[in-house]
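User: I'm new to this one, so please walk me through its charged side-chain pairs.

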Amino acid sequence: MAIMGLQAAGAATSAIGAYGSAKSQKSALGFQAQMADMNAQLAERRAQISLEQGAYQAQEIERGGARQKGTQRAEMGASGIALGSTTAQAIVNGTDLVTAEDARQARVNAVREAFGHRTDATNKRNEGVAARANARGINPMGVAATSLLGSATSMATSYYGMKKAGG
């Protein structure tokens with residue numbers, strides 16, 4: 001019968017260990033969900049920064065284009081080219097076209113970069129949702145009870161084996 005006592009102590013120890021392990025796993029999943037939420041917020045902030053930087057870069061390009069047009073007009077005037085002439089207008093229009101295209105491309109690049117960050121944020125939020133769902137699915141008491149049931153089955157088998165053997 002001492003063997004049965006040892007088996008019972010082992011079953012209790014096993015159940016306590018299973019409970020602690022399940023509780024620890026549940027806690028780790030909760031922490032993982034919190035980290036995923038924080039990472040999602042950071043990714044969203046990176047998206048906002050990308051858009052702000054793109055807007056700033058586009059404005060810088062537009063300011064540079066305006067400066068270049070001013071320089072072109074001053075040089076044409078100094079060279080005796082009439083600012084209303086077809087040649088002068090073609091040069092200024094070309095500068096406007098290139099400036100507008102470069103500024104548009106800066107904005108497009110910013111939107112693409114922001115989209116990548118927002119996709120990352122969505123993935124992080126989904127990771128958090130999954131971690132919370134997994135954590136909700138863990139019941140430390142249920143795990144301990146299952147461990148005890150498994151041990152009880154083993155103990156019953158041992159008990160009946162000993163009884164059969166005449167012990």
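User: Is arginine 107 buried, partly exposed or exposed?
Analyst: Its relative accessible area is 37%. Buried means under 20%, exposed over 50% and partly exposed in between (1.4 Å probe, protein chains only), so arginine 107 is partly exposed.

User: Good to know! What should I keep in mind about the model, and how many salt bridges does a search of the whole structure find?
Analyst: This is a predicted model, where local features need pLDDT of at least 70 and side-chain atom pairs pLDDT 80 or more, while totals for chains, interfaces and linings use all residues. Residues are numbered from 1 along each chain as its sequence is written, and side-chain values use heavy atoms, leaving out hydrogens and water. Counting a side-chain nitrogen of Lys or Arg within 4 Å of a carboxyl oxygen of Asp or Glu as a salt bridge, the search of the whole structure finds eight.

User: Which residue meets arginine 107 in a salt bridge?
Analyst: The N to O distance in this pair is 3.1 Å. Arginine 107 sits in helix 2 (residues 86–136) and its partner in helix 1 (residues 2–78), 45 residues apart; helices are DSSP runs (H or I, at least four residues), numbered from the N terminus. The partner is glutamate 62.

User: Is lysine 69 buried or exposed?
Analyst: Lysine 69 forms a salt bridge with aspartate 96, with the closest N and O atoms 2.8 Å apart. Lysine 69 is in helix 1 and aspartate 96 in helix 2, so the pair ties together parts 27 residues apart in sequence. Aspartate 96 is partly exposed at 30%, whereas lysine 69, at 17%, is buried.

Terms used. Helix = DSSP H or I, 4+ residues; strand = E, 2+ residues; numbered from the N terminus.
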